[in-house]
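Here's a quick tour of how this chain packs together. Have a look at the sequence and the model, then read on.

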Amino acid sequence: MEIGRYELKPPAFHPWRPEFLEVAQEVGDYLKNHIPDIRVEHVGSTSVDYCGGKGIIDLLILYSDQAGDFERVREGVDAAGFQHQSGGHIFPEERPMRVGAVNYQGTEYRFHIHVLQSGCKEERGLCQFRDDLRQDEEQRASYIELKQQILQRELSDPKDYTSRKSSFFKD
């Protein structure tokens, strides 16, 4: 698998497609084969059937709390071809996010790869939010409506999109 360059694009709404699940699984398997002893979770709207959004696939790369695991996993993600962020909400190196793109069956899919310690509060929150959206159609519809309203404002900075939808997470 080849991880391509991530192109920063203005946020736009994309309907959900089943291919999101397939390509997320392929990239997750690629990372698990490339980096021993990690767990991968697919989160965000692409992980929830019929939940449209920016169309960027978010994967959590989860490592144990053993000494050296963080550095090993972060370096493994880099060696797998994922790049440091060049724009948007820049995560610190103590909690890195990497980006990349994959061509899957003729279509480019962009990825955000989040490196987190397994069992941390952020992992629990992201997975719980995903699971809540999967189970609650009303909450999912409200979330989609909010994202469409935000994206109709013709935002040019992905950071603006993230900050405008953060109140939904808190609620």
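Which residues of α3 are buried? They are Glu123, Cys127, Phe129, Arg130 and Leu133, where buried means under 20% relative accessible area, exposed over 50% and partly exposed in between (1.4 Å probe, protein chains only). Before going further, some ground rules: this is a predicted model, in which local features need pLDDT of at least 70 and side-chain atom pairs count only at pLDDT 80 or more, while totals for chains, interfaces and linings use all residues. Residues are numbered from 1 along each chain as its sequence is written, and side-chain values use heavy atoms, with hydrogens and water left out.

Back to α3. The buried residues of α3 fall within an arc of 155 degrees seen down its axis, so they line one face of the helix; the arc is that of the directions from the helix axis to the C-beta atoms. On the other side, Lys121, Arg124 and Gln135 are exposed.

α2 can be read in a similar way. Asp69, Phe70, Val73, Arg74, Gly76 and Val77 are buried there, and they cover an arc of only 160 degrees around the axis, which puts them on the same side of α2. The face turned away carries the exposed Glu75 and Ala79. The buried residues pack against α1, β2, β4 and β5. Just after α2, Gly81 has a positive phi of about 115 degrees. Helices (H or I, at least four residues) and strands (E, at least two) are DSSP runs, numbered from the N terminus.

Now the cores. A nonpolar core is a set of buried Ala, Val, Leu, Ile, Met, Phe, Trp, Tyr and Cys residues joined through side-chain atoms within 4.5 Å. The largest has 26 residues, and Leu31, Leu59, Ile61, Phe82 and Phe111 have the most contacts inside it.

| Element | Residues |
|---|---|
| α1 | 19–34 |
| β2 | 57–63 |
| α2 | 69–79 |
| β4 | 97–104 |
| β5 | 107–117 |

The largest share, 6 residues, comes from α1. Apart from this core lies another of 6 residues, including Val48, Phe129, Leu133 and Ile144. As for Leu31, leaving aside neighbours within four places in sequence, it is in contact (heavy atoms within 4.5 Å) with Ile38, Leu59, Ile61, Ala80, Phe82 and Ile113.

Last, the cysteines. With a disulfide taken as a pair of cysteine sulfur atoms within 2.5 Å, the count comes to 0. For Cys120, the nearest cysteine sulfur is that of Cys127, 9.1 Å away. Cys120 is partly exposed at 21% relative accessible area, whereas Cys51 is buried at 2%.
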